[in-house]
Amino acid sequence: MDKVELLSPAGDLERLKVTLLYGADAVYIGGEKYSLRANANNFSLAEIREGCLFAHKLGKRVHLTLNIVFHNEDMEEVEDYIHEVVDCGIDAFIVSDPFIISYIKSHFPQVEVHLSTQNSTSNYKAVEYFQEEGVDRVVLARELSKKQIQEIVEKSKIDIEVFIHGAMCTCFSGRCALSNYVTNRDANRGGCAQVCRFQFQTTEEKDFTMALKDMNMAEYIEDLIEIGVKSFKVEGRMRSLYYLATVIGTYRAIIDSHYDHTLTEEKMKVFQERLDRVANRETSTHYFMKKADYTDQYYSGRGELSNQDYLGQVISYHDDLLKFYERNYFEVGDLIEVFTPAGDHISFVVSELYDEKMNPEMVARHPDQIYYLKQHFDVSIPEYSMLRILKRKED
Amino acid sequence: MKLLVECSQKEQLYLDSIDGIILPLEGFSVESVLSFSMDEIKRIKRESHCEVFVKLNKNFMNEDIEDLKNILIELDQLKIDGVFFYDLAVLQIKKEMHLMLPLIWNQTHMVNNMKTCNYYHSKGVEYALVGKEITLEEIHEILEGTSMKIMVEVVSRPSVAFSKRSLITNYYHDLQKEGGNSLTVTEGVSNRSFRLLENEDGTSFFLDTITNGVGVIQDLYRWKTSYIVMREYGMESFFGELVHDTKDYIQKNCEDSSYVLKYQKLGDYTNFFFQKTIYRVKKNG
């Protein structure tokens, strides 16, 4: 049986590598043009080529977003660009414009085309339209229930992809130009200013807000697999390495545990806790089991929390010495955890900490500086393993 | 060039002054303040001499599809002059059922370039209502670059967003108050206000400023635009006079400058006709 695909965002080459190492089956990236995150550190052609080589060596795939809503001027060079990125080795395009779909399909039938969620496809008949246009996969609207997704999967002959985790738009994707009208930034060409997270005055005593809680579908991953969804997409091309490592690593573990029949309630509790700790907003499953309602929104500002759990990123581990870049303050005596791309999670109390010149330290307090931890581990702790706090000693 | 109108009150449809009317169908259209039952549409089609267009611009769910099929068949038999659509299910059903019904590509913020217009034209879509977030120059390029019949919305409080969520209900739930189905909200920094309208399909956002495109009608006429569109919402007190004068202006080849002067009173907001949106706010790297 083919496993469901776990599809991760990657805002740059480092994220691409990390997220594939942490268990994503494929990544989606944006090039320097035509992607809906115009202000992310998008990929140059050389980086796309390198990313594809890296992914393909691991037997994984790279999808490129080409999902802006095109104006005439955007069309001028897009055909050349498509040729260039196909040459770099990408496996699939994520597209919203049907002209672009037809162009790619007529010139590069070997490359997959996925219909972007920007089209907010919400029924089997619309899927059928794109199926007949040669689209290989449809990314569904985020406004659908389990029953609706199931019916679409049953009635469609092409792959169906759904979002499982991350930030949500308040309006239907593609059906919102609030950013254009409030900030003059084009929502549908990658400039969205996230106006749905702004506050608005009314004649009432409290401001109007419509910001949404993030999506977290961990508890329904098994349902989605059983329904027959082919790909699970995580949102967040602009998210941190730590966030991606945690979220992708956790979903990898959930999916693998499902397939090897080891997913217990206890394990799910641990997985859910990991996802909750890395989240900077509350989460919801939105439309999946009910009509979205009052409980899925925030009513006071943006509702974001800063996360101090992330302590460091591992550079190397030899002779019981763990070398890492520090990210957040911690000290000797704290209970921390190292987690690896292979899925190992090892907790320990910090006993010996050194600066880059091997002077003993009691605290790590300088973000981006190199430190060492002396600690024995029975497993390999490779580069891009991550450190996080579990319990501070004063707690 | 024809004048197409979407009204906001059933009592006054201006049928004698206009070339065509847009009738949003109850339960199948969004981003409109008024909708019509199928019986009302049939009656208007029977009784009026103007063109009758029906708006079916919802994002449809699976459970809508059978009804949508029946409606499209009925509208086809009625020989409706055109159906505005957002969801590609409409085009797929037209294709499957071999309907003759003319379609208008109306993906609100997406109708922005000529190549995609030509794509839809090749699929049997006759008209496109261009997006409101493109410039007049871009509209001109589209008009030059496609043989599709182009519609341009020139006067309205433009619809700017649509959510499936009950945002007004949720807001009043939080306030623990009874609220209605409409609300005006203002973003403080830009000072932009929006009118929100909620029904069982979700919440529509309208800019609370009138787009005054009266000054571009002459260019659109010269460029052989097929239709200009005016929407009444928020202009009820003078809309009848506006459509009458506009029709007269078009009949006189859009050369009467007193018409443009008269409607300066609609304000100087011209939406994106002369303003380009930006989307890259910092350099890569």
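Figure 1. The model is predicted: local features need pLDDT of at least 70, side-chain atom pairs count only at pLDDT 80 or more, and totals for chains, interfaces and linings use all residues. Residues are numbered from 1 along each chain as its sequence is written, and chains are lettered from A and ligands numbered from 1 in the order in which they are written.

**Figure 2. Surroundings of I104(B).** Leaving out residues up to four places away in sequence, I104(B) touches F53(B), G82(B), V83(B), F84(B), F85(B), Y127(B), A128(B), L129(B) and M151(B). Contact means C-beta atoms, placed from the backbone, within 7 Å.

**Figure 3. The side of chain B that touches chain A.** In this interface, 56 residues of chain B are in contact with 60 residues of chain A. Elements giving two or more residues to the chain B side include α3 (88-97), α4 (114-122) and α5 (136-145) of chain B. Helices (H or I, at least four residues) and strands (E, at least two) are DSSP runs, numbered from the N terminus. α6(B) gives the most to this side, with six residues.

Figure 4. The open sheet has the order β8(A)-β9(B)-β10(B)-β11(B)-β8(B), with antiparallel pairing. Its edge strands, each pairing on one side only, are β8 of chain A and β8 of chain B. α6(B) packs on the sheet, touching β8, β9, β10 (192-199) and β11 of chain B.

**Figure 5. Pairing between β8(A) and β9(B).** Strand β8 (residues 200-201) of chain A pairs with β9(B) in the antiparallel sense over two bridges; strands pair if DSSP finds at least two bridges between them. In β9(B), T186(B) is the bridge partner of Q201(A), and E187(B) is that of F200(A).

**Figure 6. The two domains of chain A.** The assignment, automatic or from a database, gives domain 1 (5-296) and domain 2 (310-391) of chain A. Nine residues of domain 1 of chain A are in contact with seven residues of domain 2 of chain A. α10(A) gives the most to the domain 1 side, with six residues.

Definitions and conventions:
Axes fitted to C-alpha atoms, helices over the stretch in contact; angles between N-to-C directions.
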